Amino acid sequence: MVPQPDDSGADTLDRYDWQATMAAADGLSLFYDCLDDDGNLPEEADDRVVCEFHEDWAVISGEDIELVSAKHRDGPKGPYSTINQLVDMGGVAHLFGRWHALSEKPICRLVATASLAPEVQKLEKAWESLRELRLSNQPLAVPEEHKEVTASLCQALRQYCKSLPEHWAPHAKPSPTPTNAELEQVARFMSVLTVHSNQLIRDYIAYAAANMYAKPVCERLQISTDPDRVWSAVQALFYARMHKAGPVPTGKLPAVLAYKLSASPPSVDEIERSHISRIVTMADIAVAVKTAVSHPAGYRPMPRLQRTTKLAVKMLQGQCTDNSVERAEHLVQEYRDFWRHERGGDPAARARQARLSRYLLRVSDEATSATLEMTPRGPAFWQELQRRLDNANLETIPAEMDSDLILGGVCDLASQCKVWFSDRFDVDTVVARLHHEQGRAS
């Protein structure tokens, strides 16, 4: 047997499951803190977790918002050994960019499996010192012993943050000395930054998560239910919300008179309701716990139909919706049928199809560049493709085709692994695993 060079497809999905697990742990912690002395959830408890919005998730309690980035780093890669590694691969640069874009209102947290090497621990001491100053309402003056490492963080942010504030000097070599304004902003950021390192790695989730995260809640609620059942219910809830697959009261009903002449800009509550499919409230967690308790056989979420085409697997990895996948698979079949008919009666059809494929690859490349920093990337890329194809160069497109049909051409290219809705991964391994799991289930 030829050895497999990597297992990137399974690894990618496992890391996504790990992110959902860390978000579920945060949700249970928030739920635990909301319970009163008798283990009851107060009616006014409106704390919530918003999944895959600005960062991997955001924890909201009253006026306070915490942006959370979760990074799984496998053991062989070791700790974050330099400040540059922490800022780049650890996601601190992205956190800084989102914090600035949100007018410096949130606090920020990095959840990571890796530890911090001695050089990075110096930075940790600096942000701990600045946090103490902030909590005690003192001026955020960087202590002398932390000035050098603060400047290093500033330089790393200039190098790796893709959405730097306008007043910052751009990345250049050699990098300019940080200005006082830049250092002051970095100090403010450090004062709201927390890093939870050495978190549970994905290999141990199945064995330890229930006791670590669900058992304290069960004890607080004074219930004897197996913590595994509670954990399964809550983790499934967060897994669905991380896919933006939570229930929506209005279903797919169209927005009618949404922008009438007398309308005003949407309120904060209305904006939040538009993201309900990715929000987990404390009431949602309470229902999940009650469901686990009331079913002695254990909580079993509804089985999800696993699509096994390369196109579907790639779109779902990019977090596209089921409806988008259904449409894509329908369009790709229509596209193939069109060219099968054309090639049957026109010797020049193959050349026209090849020319169109080259055009669609260019459009896909441009759409990728335009949506690279968007989260989740798949739906943004799908919408950007449609927008660009609606305004496509008519000279390049056969007269019999419309924008939907040429979108099917992009889907056909995706089936050939020439277009991606996420970072590249081993799609063949994922498809093989899904076939194996479905065969075992039947």
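1. Strands β4 and β5 (residues 193–196) pair in the parallel sense over 4 bridges, where pairing asks that DSSP find at least two bridges between two strands. Strands here are DSSP runs of E of at least two residues and helices are runs of H or I of at least four, numbered from the N terminus. Within this pairing, C108 stands opposite L193 in β5.

2. A word on the model: this is a predicted structure, in which local features need pLDDT of at least 70 and side-chain atom pairs count only at pLDDT 80 or more, while totals for chains, interfaces and linings use all residues. Residues are numbered from 1 along each chain as its sequence is written, and side-chain values use heavy atoms, leaving out hydrogens and water.

3. Back to β4, which also pairs with strand β3 (residues 64–71), in the parallel sense over 6 bridges; there E66 stands opposite I107 in β4. Strand β4 (residues 107–112) has 5 of its 6 residues buried, so it is largely enclosed by the rest of the structure. Buried means under 20% relative accessible area, exposed over 50% and partly exposed in between, with a 1.4 Å probe and protein chains only.

4. Stepping back, the protein chain has 16 helices and 6 strands, and 44% of its 442 residues count as buried.

5. Do look at the aromatic pairs, which number 10. Rings of Phe, Tyr and Trp (its six-membered ring) pair if their centres lie within 6.5 Å; planes under 30 degrees apart count as stacked, over 60 as edge-to-face and the rest as tilted. The ring centres of Y213 and W231 are 5.6 Å apart with planes at 45 degrees, so this pair is tilted. Y213 lies in helix α7 and W231 in helix α8, so the pair ties together parts 18 residues apart in sequence. Both Y213 and W231 are buried.

6. Finally, two charges over rings: the charged end of R220 sits over the ring of Y32, 4.7 Å from its centre, and K314 lies over the face of W420, at 4.0 Å from the ring centre. The criterion is NZ of Lys or CZ of Arg within 6 Å of the ring centre and within 35 degrees of the ring normal.
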